[in-house]
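Please read it alongside the sequence and the coordinates.

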Amino acid sequence: MRQKFCVFILWIVVNGVYAQLKIPSFPNGLFSTYYLQRVSLFKSLPITKGDIIFLGNSITDGAEWSELFADSRIKNRGISGDITSGVMNRMEEVVAKHPSKIFLLIGTNDLAKNISADSVVKNILWMADYLHQELPSSKLYVQSILPVNDAFQKFEDHTSKGERIKQVNTSLQHNTSLHHYTFVDICTPFSDVEGKLNKKFTNDGLHLTGDGYMLWKHLIYPLVYDLQPKAALIPMPQQLKWRDETFPLYQCNAIVIKDTTLRIVAERLQQALQGQGLTVKIENNSINKPFIELRFEPVEAPHLPAEAYHLVILKEKILLSANTLHGIFNGIQTLLQLMRDYTLIDACEISDWPAFEWRGYMVDVGRNFQSLELLKQQIEVMAAYKLNVFHLHLTEDIAWRLASRQYPQLTAPENMLRHKGQYYSEEELKELITFCKKRFITLIPEIDMPGHSAAFTRAMGTDMQSEEGLSIIKNILKEFLTTYDVAYVHIGADEVKLTNQTFIPEVTSFIEGFGKKVIGWEPGGNFSESTIRQLWMDDKGKTANASVQYIDSRHLYLNHMDPLESVVTIFNRRIGNKPKGDKNLLGGAICLWHDRAVANPEDVLKMNPVYPAMLTFAERSWRGGGTEGWVANAGTPNSDELKIFIEFENRLWDHKQNYFQNRPFPYERQASITWKFFGPYLNEGNLAKKFAPEEFDFSLEKLTAAFEATGGTLVLRHWWHPLIKGLIEIPEENTTWYATTKIWSNEEMVQDFWIGFNNLSRSPATDSPPANAWDNKQSALWVNRKLILPPSWKRAGQKGNSEIPLIDEGYEYRSPSKIQLNKGWNTVVVKLPIAKFKGINWQNPVKWMFTFVPVY
């Protein structure tokens, strides 16, 4: 039987090389009862989308994969005793499930039956070819056959085949490109110094123990979830050196602290581990290994040592040292990211410190109220990425959201224009301040004065700058400063005509009398030198004053940014025009001014790139550096700037995949899309006029490109030109440009895309797009010469109105466009006409830009 079986396998291979591959027919008598039972079960199970199939023999069968990964998409298709022909026999069931990924491990039983290494390889390659034929968009990972060990004197037919296993693995490694699979070497990590299966991972020389499955999970975890080989860290530490060993987190049972002051941060780490099903105790000694130790110890840092930390991960212990609790907290955030699979941690040594002491995020709750729960969600993300200042803009023309015992009319519903009656009670604000402090975040309350104070005027019946108004403000401030434990008060003081020149000096002196520091917007009021300035426009004269401290928020308003642009521009940003902070430049803060009304508070996070921008700003404000000037595009192909951005984008994508599956994260990978631009063509104000790219039936290879650029959102001319650099160095009115790129598809399919030509800011009352058009510039887009129609806008042509929420105007919060792709390369052509650069009014700026990116 063994000889017939071998010949039958070879016949399949030889006769199936060049023809359309078909699964051969095998008699049931070739397979065990257990095999047939398992196959019948697999065929009976329902088909579910996006499955990840683990396919193989007893070694695969022995794992509880969905539990191991805590992911119901992962399906076990292992059958004990199976061989390559057995897996071939059940290809139909695998294909019917249309899995997104397949992890194949097979062959050791074939070798035990004395089937040649060459035959095993040929059968595995047949499987790879067949799966590519039937499932061209599914990813196949062919794992090396595991080593064996004859020391246990069991399974001698298997454990005597070590050399043949090496032959199979070598052949599989060399055939990846021809047969469309990814080879995964799990053999080497499981081998001892003699090349045999390490006894740590087996008790019979063939099969794996629990420790073995934990290692296997760790090795393939990044492939299961499309992650970088090592844990992606944001912000990237200042110094990082990987080691060639791992710490077994699943065996760790203790967090060691020898100073009780550390208990508060140790408990947070303990809670995080418990949330992943890991039970650890907090102890004061390190008798049991492996363990994690937190300790105060001098850590040298060239900048801001109070937040610095030193982290060493070895195979038997983790040592986290810092000068302060805040430093320990920062180190824990890095450690948690290193724990991405909560099984094993790759060993490393990290020395880290921030470039800027002020790393902030501002939320405007005056215009659009957010619940405490929603604010806490954002604060938790801040803490995870080492941002340390939460700026809460509490009062606005629209509403006053801060409770006052002395003046309850301030928060009366009739004095609010939106979210009437919604405000923060004394207990809630105290709770929020405490919540921030536990995460080493400083809450900055902003009570805007004397501008943006229409709500105050409605409630109090007097102008804030009047003598009576100033008296009331002092009473409010006294109540506030004696009630809440805050170190700073932001008074706003921008966008207002000062009718009382003593107002700001008096208020500043009053606040400082309580031992608090004052912050104000710049350009803004007549501030004293002691007032910290938060820059919102370029004002170099003010920052040149050596006596003034400042925070940079210029071009860091998320409400004005396209999602893809936000990551590019913030990543490249040089905060305060300096590589790191100093005695004047404290740092920076991104700001969320969603002036326009929203239908739901959560829409603020969907319509603005809050989390992608927050992570990017965390990187830049911690790492420092950046690029001179303000840019809106990722860079030219193969440039150093683009390579650096790609490295960051890969890490950002990992974090989206790992930590933001259930939170809005409007970002898609864009750094691999390269465009060729053709132009300028003079359109003389006729936006519909056709030029060579259209006249040549889109055969753009006949034309010479003016330049190339990379990205998913491309800004030809920024609406704040020349302050922010676009693609076209000297843009001209009444011109038309074309851009083209190619998109690859493994099969004919419908693919989702984000498409846009005017990403509306969420602040001005901008008009909605006209019916039957992408925008009012007659922009157009073709894929494979087929015109892609714009959405059927729900409010086509709606004149801008701040009280009418946006609904589908932005690509990031409407359903993606669905485009039919051909198998192979698909040609995309974009037409980009422009007339005048000046909009019809300030609410409708002209944005010469486009977005085209696949959504995965």
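## The largest cavity

The lining of the largest cavity divides into 7 nonpolar, 5 polar and 3 charged residues, where Ala, Val, Leu, Ile, Met, Phe, Trp, Tyr, Cys and Pro count as nonpolar, Asp, Glu, Lys and Arg as charged, and the others, Gly among them, as polar. Of these 15 lining residues, Gly756, Phe757, Asn758, Asn759 and Glu809 lie nearest the centre of the cavity. The elements that give two or more residues to this lining are β27 (749–756) and β32 (848–854), strands being DSSP runs of E with at least two residues and helices runs of H or I with at least four, numbered from the N terminus.

This is a predicted model, in which local features need pLDDT of at least 70 and side-chain atom pairs count only at pLDDT 80 or more, while totals for chains, interfaces and linings use all residues. Residues are numbered from 1 along each chain as its sequence is written, and side-chain values use heavy atoms, with hydrogens and water left out.

The volume of the largest cavity is about 100 Å³. A cavity here is a set of points, on a 1 Å grid over the protein atoms alone, where a 1.4 Å probe fits but cannot get out, and lining residues have an atom within 4 Å of a point; a volume is the space filled by probe spheres set on the points, which are joined across faces, edges and corners.

## The second largest cavity

The second largest cavity has a volume of about 70 Å³, and the residues that line it include His560, Asp562, Arg717, Asn759 and Trp848. Two or more residues come from each of β24 (713–717) and β32. By class, this lining has 5 nonpolar, 3 polar and 4 charged residues. The charged end of Arg717 also sits over the ring of Phe837, 4.2 Å from its centre, the rule being that NZ of Lys or CZ of Arg is within 6 Å of the ring centre and within 35 degrees of the ring normal.

## Aromatic pairs on β32

Phe753 and Phe852 form a stacked pair, 4.6 Å centre to centre with 20 degrees between the planes; rings of Phe, Tyr and Trp (its six-membered ring) pair if their centres lie within 6.5 Å, and planes under 30 degrees apart count as stacked, over 60 as edge-to-face and the rest as tilted. Because Phe753 lies in strand β27 and Phe852 in strand β32, the pair ties together parts that are 99 residues apart in sequence. Both Phe753 and Phe852 are buried, meaning under 20% relative accessible area, with exposed over 50% and partly exposed in between (1.4 Å probe, protein chains only).

Terms used. On a 1 Å grid over the protein atoms alone, a cavity is a set of points where a 1.4 Å probe fits but cannot get out, and a pocket is an open set with protein on both sides within 12 Å along at least five of seven lines; lining residues have an atom within 4 Å of a point.
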